[in-house]
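Here are a few friendly notes on the charged pairs, written to be read with the model open beside you.

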Amino acid sequence: MIAQTQELDALHWVKTRSSLDSSQSTFLIWIGKIYAFIPGEKRKLLFKIFGMSVSRCIATAEGKWDFTSRELTYYLHPETGEKLNKWENPWTGETVTVMHVANNPVQGEFKGKFPAQVEGDRTTFVFDIFPTYPNPLAADSKFAEYSPQEIYQAAELFKLTVPTADLHNSELPSVSQLKLSWDRIGQWLPWMKMGDRPGQLIYSAIGGKINDFTELPQWLQDEINTRIPLYKNAPKGYLEGEDMTSWLYFQQNFDAYLAGEIFPLSVAEEL
């Protein structure tokens, strides 16, 4: 069967990405690898990764929802899968602090129509995103060794496949299954201290929804419970301010990075 493109209501996307039940936090996870892609060099596996998003959708008007979430992604040893706190840069020989992703918040508004590829009992949402904007680190000379590029530029390629029937089942606030494919092409991460060396990072990951916090790996449950309990739940409501990114997080926590502190930095639970 050949997939047909259909325009689906925002409600169907809310059920896919999060849930129509605003009282619940929805967990999405991803696992994968990050490779170095440098002209003239063979591919190099740098890290395994494990990430999660905990989200909530809040209806604001007919056909409109505020989406609010928090995200974590951990850089893991490429062979053992253990969390890295330090990393020896194979090109410079320098050992640097690993700054794991801790984006709080990541938000948006869901409304209107969302194109999807419908193929019988499966529906796939496809999003090819190419963020391009001024690098917030470029204007400060102290970041020249970390991220001197004037423009931040990346490619993020998402595919989310769900049961077609779930989308149209009014008794389900969220789809029962979700298969995620995520590929990314991006610049060197600031904490890698690669400066203006040529090359890019290639991310390749898959994932899906889990039922609740207790289905996360035990090491991540322990990490969240003891150090960053804020990430156990989605924000209770839409948060004011700009979305957090790895570049902004690096800028805000540069001193802690230089001091060799453990990331993500500890953060208390939302009151």
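1. Which residue forms a salt bridge with Lys111? The partner is Glu109, and the closest N and O atoms of this pair are 3.4 Å apart. Please bear in mind that this is a predicted model. Lys111 is partly exposed at 43% relative accessibility, and Glu109 is partly exposed too, with a relative accessible area of 40%.

2. For the overall picture, the structure holds eight salt bridges. The points below take up some of the others.

3. Do have a look at Glu156 and Arg184, whose side chains meet in a salt bridge with an N to O distance of 2.9 Å. Glu156 belongs to strand 12 (residues 155–163) and Arg184 to strand 13 (residues 179–186), so this pair ties together parts that are 28 residues apart in sequence. Glu156 is buried, at 14% relative accessible area, and Arg184 is buried as well, at 7%.

4. Because Lys83 lies in the loop between strand 4 (64–76) and strand 5 (86–88), while Glu223 lies in helix 3 (residues 218–226), the pair ties together parts that are 140 residues apart in sequence. How accessible are the two partners? Lys83 counts as partly exposed, at 24% relative accessibility, whereas Glu223 is buried, with a relative accessible area of 10%.

Notes
Residues are numbered from 1 along each chain as its sequence is written. This is a predicted model: local features need pLDDT of at least 70, side-chain atom pairs count only at pLDDT 80 or more; totals for chains, interfaces and linings use all residues. Side-chain values use heavy atoms; hydrogens and water are left out. A salt bridge is a side-chain nitrogen of Lys or Arg within 4 Å of a carboxyl oxygen of Asp or Glu. Helices (H or I, at least four residues) and strands (E, at least two) are DSSP runs, numbered from the N terminus. Buried means under 20% relative accessible area, exposed over 50%, partly exposed in between (1.4 Å probe, protein chains only).
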